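How do the helices of this model pack against one another?

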Amino acid sequence: MPSVAPPSGRDRALGHLRSLLTDPQVEGGFINEQDVADAVGVSRTPVREALLILASEGLVDLEPRRGARVAALTPRETAELMEMRGLIERFAVQRALAQRLSPHDALTEVMRRQDAVTAGLDRLTFEQARECIELDREFHQTLVDAAGNALISRNYAALREKQVRVGISALSIGPSRWNAVTHEHGAIVEALRAGDQAAAEKAIDDHLSITLRTILTGA
């Protein structure tokens with residue numbers, strides 16, 4: 001069996017930067033190439049290569065003589081992100097139920113892991129919020145993957161950094177939002193379990209619209 005090549009310096013820098021970009025507090029700030037290089041253990045060249053990839057994805061803006069600035073998500077971009085997610089997730093529901101491949105059991109397992117993170121907590125640390133949102137992203141990715149369309153799954157996965165950043169911003173209002181997210185996810189799962197396409201699509205729309213309102217209004 002052929003050995004698997006270790007990740008390149010560029011790929012390691014890219015992974016580090018993608019994790020960094022999930023933090024809402026970095027929006028609008030500049031990335032220090034040397035700090036990233038030191039953290040990853042590479043020269044600055046792989047870091048610059050990684051930044052070029054992120055710039056092509058619209059995650060950073062490269063400014064002459066100033067460096068890479070983390071692109072902020074405007075209210076319009078946030079609304080468009082939610083609209084795109086809704087289109088993809090509703091399609092996934094239609095396709096999964098048509099093929100009798102409802103992912104409700106897999107989604108229930110993700111929810112169980114979500115509950116384990118927040119059990120007994122009155123407030124979330126940043127790292128706990130990040131873990132919750134990574135699981136939230138896994139919940140929705142699992143739903144999308146149930147459509148069985150690899151191209152759609154890959155494109156949805158490419159939204160990860162923006163989704164996590166948006167999700168952490170939504171959780172910043174406090175644990176009450178996470179409790180609401182759990183309830184909203186439950187509605188999606190129960191509709192899928194019942195094979196009710198209309199109810200599942202409505203639950204998705206409700207969940208995404210509430211999340212968007214929370215981000216834009218802070219309530």
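The crossing of α6 and α7 is right-handed, meaning that the near helix is turned clockwise from the far one by less than a right angle. The contact is made by H140, Q141, V144 and D145 of α6 and I152, S153, Y156 and A157 of α7, where contact means heavy atoms within 4.5 Å. These residues divide into 4 nonpolar, 3 polar and 1 charged. Ala, Val, Leu, Ile, Met, Phe, Trp, Tyr, Cys and Pro count as nonpolar, Asp, Glu, Lys and Arg as charged, and the others, Gly among them, as polar.

This is a predicted model; local features need pLDDT of at least 70, side-chain atom pairs count only at pLDDT 80 or more, and totals for chains, interfaces and linings use all residues. Residues are numbered from 1 along each chain as its sequence is written, and side-chain values use heavy atoms, with hydrogens and water left out.

The table lists the axis geometry, with axes fitted to C-alpha atoms over the stretch in contact and angles running from 0 to 180 degrees between N-to-C directions. Helices are DSSP runs of H or I with at least four residues, strands are E runs of at least two, and both are numbered from the N terminus.

| Pair | Axes come within | Crossing angle |
|---|---|---|
| α6 (residues 126-145) and α7 (residues 150-157) | 9 Å | roughly 160° |
| α4 (residues 75-98) and α6 | 8 Å | roughly 50° |
| α5 (residues 104-118) and α6 | 9 Å | roughly 175° |

Angles under 35 degrees count as roughly parallel, over 145 as roughly antiparallel, 65 to 115 as roughly perpendicular and the rest as oblique. Helices α6 and α7 are therefore roughly antiparallel. Helix α5 crosses α6 at roughly 175°, which makes α5 roughly antiparallel to α6. Their contact includes L107 and V110 of α5, and L135 and F139 of α6. By class, it has 9 nonpolar, 4 polar and 4 charged residues.

Helix α4 crosses α6 at roughly 50°, so α4 is oblique to α6. R85, I88, E89, A92 and V93 of α4 touch D136, H140, L143 and V144 of α6. This contact has 5 nonpolar, 1 polar and 3 charged residues.

Now to burial. In helix α2 (residues 33-40), E33, V36, A37 and V40 are buried (under 20% relative accessible area, 1.4 Å probe, protein chains only). They cover an arc of only 100° around the axis, so they sit on the same side of α2. The arc is taken from the directions from the helix axis to the C-beta atoms. On the other side, D38 and A39 are exposed (over 50%). The cover over the buried residues of α2 includes α1 (9-20), β1 (30-31) and α3 (44-56).
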